[in-house]
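Subject: Structure for you to look at

Hello,

I am passing on the structure we spoke about. My notes on it follow below.

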Amino acid sequence: MTKILTLKDALALNRRSLLKAGLGAAALGTLGAPYVVTSARAEQPLAGKKIGFSQSYATDEWLKAQRQDLLEQAKKHGFEVSVTDARENPAQEIRNLEDLAVRGVDAVIMITYYAEAVQPGVQALNDAGIPIVVMSSALAGDGDFAAHLAADTLGTSRTAGDYYLKALNGGGKVVQIEGKPGSLVNQARGKGWREVVEANSDLEIVAHGIANYSRTEALTLMQDFLQANKEIDAVYCHNDNMAKGALQAIEEAGRAREMWLTGYDAITTETFEMIAAERLRGSYLYPTFGAEAVEVAAAILQQKEVKKEIVFASPMVTKENLSQFFNGKDRIVPPVDMAALGL
């Protein structure tokens, strides 16, 4: 007897089954969809093209800025953008990528903190022949991509180590607060800095911990460090969120005069204001890559040749050069440097 496929049966099918069965967007529609931002303009040559945008999560302030930069740039081309957020769940991120493959978007722009875990989703895009533009952390394994936009994070962290060495006159007691352990960027932010610090016997890392890029977790962690250490000269944080949490603990303990901090990202008004007020020594700018990734995707869709690896600088934002990045009210978003992209 032939079994009739009911809606309930269809809902029970996972996305991988749909891909193998060759079912299209109509079937996928019963399973839930990402939200779509439409900005099609008939006068634009790429108007109506569909771009998938995948993030591992979207609560971090840097990731919010990335999404904003990407969507603003997508409007200029009239792209229809399907935005997905895995909410820190690698399994959901795989499903999101598989959804985009089934929907047949023209290109996918993605950033992942779980490069190893989400390989099946990347493979689904590869199998569907959909070009991928990767931002920040590289893909793991044999996943194919058209372009990778990143910063020289390892080089920047070595520069940060040199800064600590010089600013502390070659010696002192320092603390390190890390982000998400699985993030390749987080690992690079720590590796280069530690290479420099640990090579100098007069610089001592008296405390080290993981706060997962969370302001709240960094606050609690720093409170513990302050109780355990009567002397701390500086605190190296893998992002600004954690630097702010650590600073809150330091200020509440009445020890702000004893030590200084640096962060990473240099993306929010709050961060810039803290640098201006000398509450934060500085922050290493980490480009969002959002607008640039859109331009690279646009070039790919126009069958232009693009560079496989595109590397951006991460200068240290301090009170001295703050006016280049902050106008006193808002973040200064530089125009896309098409020459730097090789376009």
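Glutamate 72 has a relative accessible area of 42%, so it counts as partly exposed. This is a predicted model. The side chain of glutamate 72 forms a salt bridge with that of lysine 75, at 3.4 Å from N to O. Lysine 75 is also partly exposed, at 36% relative accessibility. An α-helix has 3.6 residues a turn, so residues three or four places apart point the same way.

The structure holds 14 salt bridges. One of them joins the side chains of aspartate 144 and lysine 308, again with N to O at 3.4 Å. Aspartate 144 sits in the loop between β5 (132-135) and β6 (147-151), and lysine 308 in the loop between α12 and β12 (309-312), so this pair ties together parts 164 residues apart in sequence. Both ends are partly exposed: aspartate 144 has a relative accessible area of 47%, and lysine 308 one of 39%.

Another salt bridge is between the side chains of arginine 279 and glutamate 251 (2.9 Å, N to O). Arginine 279 belongs to the loop between α11 (269-276) and β11 (282-285), while glutamate 251 is in helix α10, 28 residues apart. Arginine 279 is partly exposed at 39% relative accessible area, and glutamate 251 is partly exposed at 33%. There is also a network in which salt bridges with shared partners join Glu61, Arg215, Lys244 and Glu270.

Helix α4 (61-77) and helix α12 (290-301) each supply at least two residues, and α4 has the largest share, with four.

The second largest pocket holds about 240 Å³ of space. Of its 16 lining residues, Trp260, Glu278, Arg279, Leu280 and Arg281 are the closest to the centre. Two or more lining residues come from each of α10 (240-252) and β10 (260-265), and α10 gives the most, with three. Nine residues of this lining are nonpolar, one is polar and six are charged.

Last, helix α6 (residues 119-127). Its residues Gly121, Val122, Ala124 and Leu125 are buried. Seen down the axis of α6, the buried residues fall within an arc of 155°, so they line one face of the helix. Just after α6, glycine 129 takes a positive phi of about 70°.

Regards

Conventions
Residues numbered from 1 in each chain as written. Predicted model: local features only at pLDDT ≥ 70, side-chain atom pairs only at ≥ 80, totals over all residues. Heavy atoms only, no water. 1 Å grid on protein atoms, 1.4 Å probe; cavity = no way out; pocket = protein on both sides within 12 Å on 5 of 7 lines; lining within 4 Å. Points joined across faces, edges and corners; volume = space filled by probe spheres on them. Nonpolar A, V, L, I, M, F, W, Y, C, P; charged D, E, K, R; others polar. Buried < 20%, exposed > 50% of the residue type's maximum accessible area, 1.4 Å probe, protein only. Arc of directions from axis to C-beta. Salt bridge = Lys/Arg side-chain N within 4 Å of Asp/Glu carboxyl O.
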